[in-house]
Amino acid sequence: MELKELIKANRSFRGYDEGRRVSREELLEMVDCARFTASSVNQQPLRYYLAYESDVVDRIHPLIGWARGLPNLKLPHEGMYPAAYIVICQDTRVWESTSRFTRDVGIVAQTILLSATEMGLGGCMIGNFSPEKISSALQLPEYMAPLLVVAVGKPAEKVVMVDIAADESTNYYRDENDTHYVPKRRLEDLVIN
């Protein structure tokens, strides 16, 4: 798949085929791709908790919030939870301030999801969680600061991108068939002349 097609296929999925498990080896491959990305001052303080065993995954499910833009929906729907999570953490022994590495977190998360997409999987970046609750549930050492949770699984929902004019809303929405629509600004509205 060419890069642009891979990027377009990489959507934020909020519904998964629970029958498709995700292996440790698949998650390791995603992290292996991420480790080659750039890091601020090349400090590489990010670490990755791989949750793929059912009991650990089940501990994470209730600790994260999904789709804030759709407050009237409970997502994922029952029976459509992701098979795995990668919790991106910062080792504060390497660098204490977590604010310096927010760009790094975005870069590695996108790389993880592009890698998942290439494998026929999908995912969603989730920032709506309590780091303290995640740390406690996963028994992380005090120096591991959870920064982002990435859900991973086989997508089981339809996500459609639609081009919008500059004055239209960017709020995502779902139709009566539960198809998820993602408005995207047009290229000509993004480029500063």
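Are Tyr-16 and Trp-66 buried or exposed? Both residues are buried. The views below come from a predicted model.

**View 1. Tyr-16 and Trp-66 form an aromatic pair.** The whole structure holds 3 aromatic pairs. In this one, the ring centres of Tyr-16 and Trp-66 lie 6.4 Å apart, and the planes meet at 65°, so the pair is edge-to-face. The two residues come from distant parts of the chain, 50 residues apart. Tyr-16 belongs to the loop between α1 (3-9) and α2. Trp-66 belongs to the loop between α3 and β2.

**View 2. Trp-95 and Phe-101 form another edge-to-face pair.** Their ring centres are 5.7 Å apart. Their planes stand at 80°, so this pair counts as edge-to-face. Trp-95 has 27% relative accessibility, so it is partly exposed. Phe-101 has 0% relative accessibility and therefore counts as buried.

**View 3. An open sheet is built from 4 strands.** The strand order is β1-β2-β4-β3, and the pairing is antiparallel. β1 and β3 (122-126) are the edge strands, each pairing on one side only. From one strand to the next, the twist averages 25°. β3 and β4 run antiparallel and are joined by 5 bridges. Gly-122 has Gly-153 of β4 as its bridge partner.

**View 4. Helix α5 (residues 131-138) has buried residues.** Ile-134, Ser-135, Ala-137 and Leu-138 are buried. Down the helix axis, the buried residues of α5 fall within an arc of 165°, so they line one face. The face turned away from that buried side carries Glu-132, Lys-133 and Ser-136, which are exposed. What covers the buried residues includes β1 (46-51), α3 (54-60), β2 (84-91) and β4 (144-153). Gln-139 follows α5, with a positive phi near 55°.

**View 5. Two arginines sit over tyrosine rings.** Arg-14 lies over the face of Tyr-172, 4.7 Å from the ring centre. Arg-93 places its charged end over the ring of Tyr-143. Here the distance to the ring centre is 3.6 Å.

Note on methods
Residues are numbered from 1 along each chain as its sequence is written. This is a predicted model: local features need pLDDT of at least 70, side-chain atom pairs count only at pLDDT 80 or more; totals for chains, interfaces and linings use all residues. Side-chain values use heavy atoms; hydrogens and water are left out. Buried means under 20% relative accessible area, exposed over 50%, partly exposed in between (1.4 Å probe, protein chains only). The arc is that of the directions from the helix axis to the C-beta atoms. Contact means heavy atoms within 4.5 Å. Two strands pair if DSSP finds at least two bridges between them. Axes are lines fitted to C-alpha atoms, for helices over the stretch in contact, and angles run from 0 to 180 degrees between N-to-C directions. Rings of Phe, Tyr and Trp (its six-membered ring) pair if their centres lie within 6.5 Å; planes under 30 degrees apart count as stacked, over 60 as edge-to-face and the rest as tilted. A charge sits over a ring if NZ of Lys or CZ of Arg is within 6 Å of the ring centre and within 35 degrees of the ring normal.
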